[in-house]
Each structure stands twice: as structure tokens, then as C-alpha cells.
Amino acid sequence: MADAQYILPNDIGVSSLDCREAFRLLSPTERLYAHHLSRASWYGGLAVLLQTSPEAPYIYALLSRIFRAQDPDELRQHALAEGLTEEEYQAFLVYAAGVYSNMGNYKSFGDTKFVPNLPKEKLERVILGSKAAQQHLEEVRGLWQTCAELMFSLESRLRHLGLGKEGITTYFSGNCTIEDAKLAQNFLDSQNLSAYNTRLFKEVRQDGKPHYEVRLASVLSTEPTLDSEMASKLKSYEYQGSHFWVTRGDYAPILQKVVEHLEKAKTYAANSHQEQMLAQYIESFTQGSIEAHKRGSRFWIQDKGPIVESYIGFIESYRDPFGSRGEFEGFVAIVNKAMSAKFEWLVTSAEQLLKELPWPPAFEKDKFLTPDFTSLDVLTFAGSGIPAGINIPNYDDLRQTEGFKNVSLGNVLAVAYATQREKLTFLEENDKDLYIRWKGPSFDVQVGLHELLGHGSGKLFVQDEKGAFNFDPETVINPETGEQIQSWYRSGETWDSKFSTIASSYEECRAESVGLYLCLNPQVLEIFGFEGADAEDVVYVNWLNMVRAGLLALEFYTPEASSWRQAHMQARFVILRVLLEAGEGLVTVTPTTGSDGRPDARVRLDRSKIRSVGKPALERFLQRLQVLKSTGDVAGGRALYEGYAAVTDAPPECFLSLRDTVLLRKEARKLIVQPNTHLEGSEVQLLEYEASATGLIRSFSERFPEDGPELEEILIQLATADARFWKGPSEAPSGQA
């Protein structure tokens with residue numbers, strides 16, 4: 001059997017998202033609006049398969065065919081008759097549920113591959129003897145033969161998502177290196193093109209020069225267009241001795257279905273902001289225009305306090321190894337009025353709280369653009385995973401001048417709160433009950449501060465295309481050097497494009513640190529209803545949770561490549577290092593031996609020193625983070641961040657050795673079952689499923705009742721059309737830095 005870190009255990013936690021009451025309270029028109037947005041999101045989410053690994057679309061298509069033809073319980077009888085044990089069949093169900101939940105065969109949280117935890121020959125017997133194979137033997141056998149080897153392979157380069165020697169990715173062709181990614185980013189910046197909705201394909205032709213295709217996601221490909229904004233970009237370029245060709249049409253048939261349902265959703269929009277927002281999203285997905293998506297995002301920001309909230313597009317860049325390309329996601333959620341009232345109170349206090357942050361006023365936005373901040377119950381979240389909170393849009397220019405929205409996903413947080421005492425690792429026994437009691441409430445506070453005042457704070461110093469500055473270069477002083485500002489962002493440069501591979505994690509670290517820092521403020525705690533001893537317990541558990549998370553983060557570090565695979569967890573490890581560096585016994589991490597005789601560890605936080613030692617340490621660190629970000633000082637930012645993110649075996653913590661202990665005692669991340677909406681006449685029905693691997697599989701089997709087989713063919717055709725770019729995927733390209 002495979003190493004435990006590359007399988008999903010049979011006893012993996014599975015939870016269902018509860019949105020029944022929120023859905024019940026929607027009007028018929030709101031339900032129709034939510035339904036069509038959900039359909040658009042689920043269709044678009046299929047693009048993630050094509051953004052993950054070469055084999056992911058084939059695996060998905062194979063599983064979909066099997067379970068559409070045969071319910072998991074019926075297939076179980078066949079599997080047992082073929083000689084599988086109950087444990088082996090359950091392992092297959094967990095694997096299938098994992099593929100659906102992560103939209104591919106790599107974990108969304110950590111980017112690690114997972115493989116079926118049963119012998120390949122036994123799985124082959126189940127698949128080729130299934131009802132789907134009986135009905136369409138050649139098709140099912142062909143799919144199996146296409147993906148079986150890669151489904152099980154744990155060759156070193158295939159164990160993680162990455163670029164060049166570091167892993168596999170389908171954002172780039174298999175022969176691309178980090179140098180190709182840098183060159184392509186510079187080219188995109190020179191043409192004022194965003195990387196968010198692109199993939200990069202490299203071919204070396206007879207002239208010996210590299211030829212790069214920058215392919216935009218869109219419904220249209222070579223068709224003539226009246227849209228001059230995009231037409232002028234679709235051509236060949238010579239750039240720094242290389243040939244670039246900007247094309248479009250990536251994921252075209254998938255985005256066509258997204259557009260069809262966005263058109264239908266427009267009919268049920270609650271106001272003109274929603275109508276114009278959807279019109280621009282349709283334009284964006286049709287033409288391949290990020291500028292149109294930005295315009296849609298402007299209308300989205302202006303749509304204050306909707307009952308049904310949504311966002312859709314190529315959004316988060318965590319899984320692009322270079323940190324610039326967005327994974328498709330779409331969510332639909334319903335407002336939770338009680339918790340939203342607390343967040344609104346936090347918003348009204350935001351301008352005052354921003355003044356508490358430890359950097360000079362010149363490094364803060366000129367005007368705080370009051371955002372929406374709502375607590376939502378998720379109806380649909382399509383993509384590779386579901387976060388607990390979101391601060392979007394990610395476009396720097398919009399965030400600086402137009403604003404943003406914050407959402408806390410209440411029913412996702414409720415799932416995350418659920419903690420069994422016996423599964424709590426690395427805590428002292430006398431901390432466990434307190435941790436269980438206050439983890440949920442403290443997480444509400446941290447998510448609120450992280451999203452609103454973490455991601456919502458700080459200014460980027462920019463010089464526009466006309467040479468004008470958004471700060472006074474004569475008077476603004478860098479508090480770290482005592483000198484005038486020496487660096488800034490030029491026109492076309494963004495946070496993601498400049499800081500690339502560390503951008504996501506660095507920003508998550510800044511936001512998490514803001515949350516820890518401001519949760520010490522009594523006004524914040526009062527907003528969330530905590531005073532006195534309860535408030536102190538919330539602070540303690542919030543800090544303790546961050547310290548523990550920093551240790552748990554070691555699961556997502558790869559020693560062989562000296563690299564991190566998950567932005568949020570890298571950020572938490574960095575914070576742990578900062579607090580350890582503060583000294584005076586504030587935080588200790590001690591290796592121990594568990595009651596089972598195996599290696600263990602304990603984290604301790606001295607609550608009496610949080611304010612006297614921890615707060616000053618965070619003040620110093622936060623100022624450095626913000627100053628380096630504001631000034632676009634990539635060299636300084638990398639030196640600071642990568643220094644703290646380094647994992648060594650230096651005493652006293654010996655983190656490399658502790659990583660083995662973390663892997664030994666890690667608990668698999670929960671899978672989440674989501675409902676479906678179904679249109680019966682003019683009424684929308686909510687279809688819910690049990691919290692199990694079987695329930696998750698059934699939810700996907702019933703997700704595309706009208707066109708499931710067509711979607712499988714689309715995925716196969718799209719994957720096959722580009723398969724040549726990853727031939728021999730275990731062969732790393734030469735020239736990797």
C-alpha cells in the first residue's frame with residue numbers, strides 16, 4: 001500500500017453543508033436566481049480538472065460513467081463478488097469522493113497527490129465488470145487504460161503540484177520551467193495582459209527558438225469579434241528573442257454552459273447592479289477579457305447586502321506554481337442576518353481599528369472604502385475546495401480605488417468547529433476542553449479580522465503610466481530605513497506579478513497576523529459579544545490555535561524540494577517562528593512520547609505573556625511586512641519571508657524531525673457534501689445528501705442530470721487535444737533552476 005500521506009483514509013471525516021433553513025426563506029424568484037448561478041458555478045468548476053493534472057479529466061469521466069450507471073450500494077455487491085474486501089471497496093468510494101471533492105486527484109489543501117488505497121488489479125476488476133462497462137465496454141476500458149497508470153503512480157515528480165522538477169501542473173506545459181514562467185509574466189506585463197485566465201504552452205520548433213502560446217479562457221476562439229479590446233491582443237509577438245502567440249478558446253464548451261446559465265440568472269436579478277454584473281461576466285467568459293470581469297466586479301462591489309450573494313470566475317492563484325493564474329471557482333450563498341449584524345458593527349469600527357495597526361498612516365489607503373461584510377450560508381461552492389472566509393475581488397487596482405467585499409461562510413465554519421477531543425493533537429491535556437469550548441467563537445473573530453482588516457488594509461505605492469504617484473515621494477519616509485521611498489509599483493505591475501511565488505502566502509501571513517494583533521483589542525471582542533474572562537479565553541484560544549496550526553503546517557512542507565505546498569499553512573508556520581523568536585517562554589514546542597509509545601509533541605503558550613511579549617513581536621513583524629509590500633520591495637520581502645519559512649533541524653525545535661511526528665499523527669481534512677438544486681416546472685427544489693463518501697458520490701452523480709455524458713465527452717476531448725504537452729510526465733524539463 002502507498003505511503004499514508006498519499007491516500008485518503010477510510011475513516012476520513014465527511015460533513016454535509018446545512019443550508020436548508022436559509023434556502024427555505026428565499027422567495028421563488030430568489031431561488032431561481034440562486035439555482036441558475038449554482039448551475040453556472042458547477043459547470044465552470046469542471047475547468048478545475050483541466051487546471052490540475054493531465055489525468056484528472058479522464059479519472060473524473062471514468063468515475064462519472066461508473067456511478068451514473070450504478071449506485072454505490074449496487075456496485076458494492078459486484079465488488080465483493082469480484083473478491084474485494086469491504087475495506088477495499090470503501091477505499092475506492094473514499095478515493096472517488098476525494099476526486100469529486102477536490103476536483104481532481106491532488107488535494108486542494110496542500111497540493112499533494114492521493115491514490116486509491118487498494119491494489120490496481122482489484123480496482124480494474126470492479127471497473128471492467130461494472131454496469132457502465134457492460135453497456136459501453138470499449139469506452140470504459142479506453143478511459144481506464146488512459147488514466148490507470150497515472151492514477152496510481154507516485155513517481156517523485158508526480159507526488160505534488162509544481163513546476164519543472166518540483167511537480168506537475170497543467171497551468172503550464174510539461175516542458176516549462178520557472179524561467180519560462182518569469183519570461184511569460186514579463187511579456188504579459190509588457191502587454192498589460194492579466195495572467196488570471198491564462199495557461200502557457202511551450203514548443204521548441206525547427207528554428208530552435210521557444211514558441212509560447214498564451215491561451216485565454218473564453219467561449220470564442222478564432223471567430224471574428226466586434227470586441228476591439230480583445231481583438232487587438234490576439235496576435236503574434238516577438239519578445240526578448242522568443243515568440244509569443246496570444247490565443248483564446250480554453251475551456252470553450254464548458255464556459256458556453258456557464259454563460260447560458262448566467263443569461264438565465266439575469267432574468268431573476270434583484271436589481272440593475274446584478275444585471276450589469278452578470279452582463280459583464282458573460283462578456284468576460286465569452287471574449288476572454290479580464291477587463292470585463294473587472295467591470296463586473298465593480299458592479300458586484302456596488303451590490304450591497306444582497307439576499308443571494310455570488311461570485312464567479314478565475315479567482316485564486318494559490319495553485320499556480322508561479323502564483324499568477326487563477327483557478328476557476330463559483331459560489332452561491334444566502335445571507336445569515338444575525339451574524340451579519342456583528343460583522344456590520346465591525347465594519348463601522350474599521351476606520352478606527354485601522355489606526356491601531358503598526359505602520360505609519362502613509363502606508364494605509366487614503367480612504368477606507370466601506371465594504372459589505374456578511375455571514376453567508378453556502379448553497380454552492382464549485383472549485384477545488386471551500387474556504388471559511390473570502391475577501392474579493394483580488395484585482396489590486398479595484399481594491400485600492402473601488403473597494404472589496406468580505407464574506408464569512410457560516411455553515412462552512414460550523415463544519416470546521418466540530419472537533420473530537422480524542423483527535424486533538426499536540427495540545428496539553430488542560431488546554432483541550434478550553435480549546436473545544438472556544439475554538440468556534442475565536443475562529444469567528446479571527447476570520448472577521450483576517451478578511452476585513454487583514455486583506456482590507458494597506459496601501460500599494462504606484463506610479464501610473466503617466467508618471468503620477470499615488471504617494472508623495474518627497475515626504476513619505478520608510479520607517480524601516482528612515483529614508484525616502486526607493487521602490488514602488490510601475491504601471492501594469494501587481495502584487496501577484498511582482499511577488500509571484502510568495503505573494504499568496506505572504507499576504508495570508510499579513511492577514512493572519514492582523515487578526516491575532518487586533519483580537520487583543522477589547523472593542524473587537526465586545527463587538528462579538530465577549531467581555532471579561534470569556535474575552536480573555538477567546539484571545540488565548542485564538543493565539544493557541546495559530547501556534548498549533550504552525551506546527552500542523554509541517555505536513556505541507558516538502559524537504560526534498562525545500563518548498564511549501566500550501567499558502568495558508570506556510571503563513572501559520574511563519575507566525576509560529578515569529579512568536580518563538582520573541583522568546584521569554586511565550587511559546588514552546590517540545591518533542592515528547594505519546595501514551596501509545598510513538599513520537600509526539602506539545603505546544604505551549606504562556607497566556608500571561610501574550611500582550612507583553614507577543615504583541616510587540618507582532619508589531620515589529622507586521623510593520624516590516626507592510627512596508628515591504630507597499631514599496632514593492634521583492635528582494636527585501638523574499639529575504640524576510642523565506643527566512644522565517646525555512647524549515648531546518650536546528651535546536652531547540654528541530655522542525656524537520658518534528659515534521660515526521662506531524663505526519664505520523666495527522667488527521668485527513670474533511671470532505672464536504674453539498675446539496676443540488678433541481679428545477680421542477682417553475683419551482684426550485686433543494687436535494688440534500690447524507691454525510692458519507694456514498695452521499696458525496698450521489699450528489700455528483702445527480703449534479704448534471706441533463707447532460708452528464710456530454711460533459712464527460714467534452715472533458716475527454718479537451719484533455720486529449722492538449723495531451724501532447726505532458727507526454728512522459730515523469731520526465732522533468734531541463735534548465736530548471
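**Terms and what they rest on**

Reader: What is Thr286 in contact with, leaving aside its neighbours within four places in sequence?
Author: Thr286 is in contact with Ser218, Val219, Leu220 and Val259. Contact here means heavy atoms within 4.5 Å.

Reader: Before we go on, what kind of model is this?
Author: This is a predicted model, where local features need pLDDT of at least 70 and side-chain atom pairs count only at pLDDT 80 or more, while totals for chains, interfaces and linings use all residues. Residues are numbered from 1 along each chain as its sequence is written, and side-chain values use heavy atoms, with hydrogens and water left out.

Reader: Why is Thr286 called buried?
Author: Buried means under 20% relative accessible area, exposed over 50%, and partly exposed in between, with a 1.4 Å probe and protein chains only. Thr286 has a relative accessible area of 19%, so Thr286 is buried. Thr286 lies in helix H13, residues 272–287. Helices (H or I, at least four residues) and strands (E, at least two) are DSSP runs, numbered from the N terminus.

Reader: And what makes Gln185 count as buried?
Author: Its relative accessibility is 4%, which is under 20%, so Gln185 counts as buried. Gln185 lies in helix H10. Not counting residues up to four places away in sequence, Gln185 touches Ala195, Phe322, Ser324 and Ser497.

Reader: Is Thr222 buried or exposed, and how do you know?
Author: Thr222 has 76% relative accessibility, and exposed means over 50%, so Thr222 counts as exposed. Thr222 sits in the loop between strand E3 (210–217) and H11.

Reader: Which strands are joined to E10, and what makes them a pair?
Author: Two strands pair if DSSP finds at least two bridges between them. Strand E8 (residues 372–382) is joined to E10 by 5 bridges, so the two pair, and they run parallel. Strand E9 (residues 389–392) is joined to E10 by 4 bridges, so these two pair as well, running antiparallel. Asn406 in E10 stands opposite Phe373 and also opposite Asn391.

Reader: What makes a space a cavity, and how many are there?
Author: On a 1 Å grid over the protein atoms alone, a cavity is a set of points where a 1.4 Å probe fits but cannot get out, whereas a pocket is an open set with protein on both sides within 12 Å along at least five of seven lines; lining residues have an atom within 4 Å of a point. A search of the whole structure finds 5 cavities of 30 Å³ or more. The largest cavity holds about 110 Å³, where grid points are joined across faces, edges and corners and a volume is the space filled by probe spheres set on the points. Residues lining the largest cavity include Tyr60, Phe700 and Phe704.

Reader: How is the lining of the largest cavity divided by class?
Author: There are 5 nonpolar, 3 polar and 2 charged residues in that lining. Ala, Val, Leu, Ile, Met, Phe, Trp, Tyr, Cys and Pro count as nonpolar, Asp, Glu, Lys and Arg as charged, and the others, Gly among them, as polar.

Reader: What does the second largest pocket look like by volume and lining?
Author: About 1100 Å³ of space lies in the second largest pocket. Of its 44 lining residues, Lys294, Asp397, Gly492, Glu493 and Thr494 are the closest to its centre. By class, the lining has 13 nonpolar, 15 polar and 16 charged residues. H17 gives the largest share of this lining, 4 residues.

Reader: How do you know that the radius of gyration agrees with a compact globule?
Author: The radius of gyration is taken over C-alpha atoms, and the globule rule is 2.2 Å times the number of residues to the power 0.38. With 737 residues, a compact globule would have a value near 27 Å, and the protein has 25 Å, which agrees.
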